Amino acid sequence: MVAKTSFETRPCPIARSLDEVGEWWSILLLRDAFQGLTRFDQFQKSLDIAPNILTRRLNSLVERGLFEKRAYCERPLRHEYVLTAKARDFRPVLLALLAWGNRHLAPEGPSLVVVDTADGRWADPVLVDRETGRELDGGGFTMATGPKASDRMRQRYRFSSEGSGRPLVENTLGQVEARSR
């Protein structure tokens, strides 16, 4: 069996996030937990997953602070798995995956949608800036390295930002190195 590469110590928050929840069973367990499932047998029935794999995935989500394991029955001892605040912060990511999947991987049409519970209207999840309300996937936004970025990371991105509201600085480190070779 090939050992899984860990991104836990990588400086990129995307890589670290993938390390935390990137295994597909984990994401599907989170999806089901957002629908109210909490118990081992509920997850197993929903996902049709082998018990040993489900046990490993649930333990991993508990260790990583995404689920809290609580006893709900003493005899026999049974546990439920409850979303933590950290897991609830993942919900917008899950909704973005749902929207992306419907847009690009469902030529037959959507099989799962986000619905406004007040009026039944379908919602189209988008990512917006909390301060301005502007959509982030339009023009005018880019990824920039932050104050704690390594030189290696600065080489991969055109701009750096040393603080919110401060002007972007164009990274030249990678360009200088490329010219000196």
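Trainee: How much accessible surface does the protein chain have, and what share belongs to carbon and sulfur atoms?

Mentor: The model is predicted. Its protein chain has about 13,400 Å² of accessible surface. Carbon and sulfur atoms hold 53% of that.

Trainee: What is the radius of gyration of the protein chain, against that of a compact globule of 181 residues?

Mentor: The chain has 21 Å. A compact globule of 181 residues would have a value near 16 Å. Along its principal axes, the C-alpha trace spans about 70 × 45 × 30 Å.

Trainee: What secondary structure does the chain have, and how many of its residues are buried, in percent?

Mentor: It comes to 8 helices and 7 strands. Buried residues make up 24% of the 181.

Trainee: Why is Thr-84 called buried?

Mentor: The cut-off is under 20% relative accessible area. Thr-84 has 16% relative accessibility, so Thr-84 counts as buried. This residue sits in the loop between β2 and α5 (85-88).

Trainee: Which residues does Thr-84 contact, beyond four places in sequence?

Mentor: Gly-65, Leu-66, Phe-67 and Glu-68. Contact here means heavy atoms within 4.5 Å. As for Val-113, 29 residues apart from Thr-84 along the chain, the two C-alpha atoms are separated by 24 Å.

Trainee: Why is Asp-48 called exposed?

Mentor: Exposed means over 50%. Asp-48 has a relative accessible area of 71%, so Asp-48 is exposed. Asp-48 lies in the loop between α3 and α4.

Trainee: What kind of peptide bond joins Arg-75 and Pro-76, cis or trans?

Mentor: The bond is cis, with omega about -10 degrees. Most peptide bonds are trans. Pro-76 is placed in the loop between β1 (67-73) and β2.

Trainee: Which residues of the largest nonpolar core touch the most other members?

Mentor: The core has 21 residues. Leu-29, Leu-30, Phe-43, Leu-58, Phe-67 and Leu-83 touch the most other members. At least two residues each come from α2 (24-34), α3 (40-47), α4 (51-63) and β2 (78-83). The most come from α2, with 6 residues.

Trainee: What does Phe-67 touch, not counting residues up to four places away?

Mentor: Its partners include Leu-29, Leu-30, Phe-43, Leu-58 and Leu-83. Thr-84 is also one of them.

Technical notes: Residues are numbered from 1 along each chain as its sequence is written. This is a predicted model: local features need pLDDT of at least 70, side-chain atom pairs count only at pLDDT 80 or more; totals for chains, interfaces and linings use all residues. Side-chain values use heavy atoms; hydrogens and water are left out. Helices (H or I, at least four residues) and strands (E, at least two) are DSSP runs, numbered from the N terminus. The radius of gyration is taken over C-alpha atoms; the globule rule is 2.2 Å times the number of residues to the power 0.38. Buried means under 20% relative accessible area, exposed over 50%, partly exposed in between (1.4 Å probe, protein chains only). Accessible areas come from the Shrake-Rupley method with a 1.4 Å probe; for residues, only the protein chains shown count as cover. A nonpolar core is a set of buried Ala, Val, Leu, Ile, Met, Phe, Trp, Tyr and Cys residues joined through side-chain atoms within 4.5 Å.
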